[in-house]
Amino acid sequence: RTIVIEEEPSASLLFSCIKIAAIDDVVELDRLAGALRAKGVTIDAEDVAEEAVSQGLLIRNKDGTYLLLQ
């Protein structure tokens, strides 16, 4: 199976990675990193999560995880 590297992934691709990584609406960075890698996205998981926070899609929890807002 060939993984296509996404140089500039779309917002919908990044959001689908976030949804894949979420368990009970909680996103851990290591799971997000795995989802991003599986989709060929080379952007750092923390950068994706922080962008999602700035867009109002995630809220940062005190324990370093993120809460997915629906």
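This is a predicted model: local features need pLDDT of at least 70, side-chain atom pairs count only at pLDDT 80 or more; totals for chains, interfaces and linings use all residues.
A residue is called buried here when its relative accessible area is under 20%, exposed when over 50%, and partly exposed in between (1.4 Å probe, protein chains only). Residues are numbered from 1 along each chain as its sequence is written, and side-chain values use heavy atoms, leaving out hydrogens and water.

**Overall fold**

- The chain contains 3 helices and 4 strands, where helices (H or I, at least four residues) and strands (E, at least two) are DSSP runs numbered from the N terminus.
- The C-alpha trace spans about 35 × 20 × 20 Å along its principal axes.
- Of the contacts (heavy atoms within 4.5 Å) with a separation of 6 or more, 44% are between residues 24 or more positions apart.

- Helix 3 covers residues 45-54, and its buried residues are Ala45, Val48, Ala49 and Ala52.
- These residues sit on the same side of helix 3, because they cover an arc of only 95° around the axis. The arc is that of the directions from the helix axis to the C-beta atoms.
- Their packing partners are helix 1 (11-21), helix 2 (29-38), strand 3 (58-60) and strand 4 (66-68).

**The loop with Asp24 and Asp25**

- Asp24 lies in the loop between strand 1 (22-23) and strand 2 (26-27), and Asp25 is in the loop between strand 1 and strand 2 too.
- Asp24 has a positive phi of about 50° although it is not a glycine; Asp25 likewise is not a glycine, yet has a positive phi of about 70°.
- Asp24 counts as exposed because its relative accessibility is 71%, whereas Asp25 is partly exposed at 29%.

**Surface and charge**

- The accessible surface of the chain comes to about 4600 Å², with 50% of it belonging to carbon and sulfur atoms. Areas come from the Shrake-Rupley method with a 1.4 Å probe.
- The chain carries 7 positive and 13 negative side chains, and the centres of the two sets lie 6 Å apart. Lys and Arg count as positive and Asp and Glu as negative, without His and the chain ends; each charge is placed at NZ of Lys, CZ of Arg, CG of Asp or CD of Glu.
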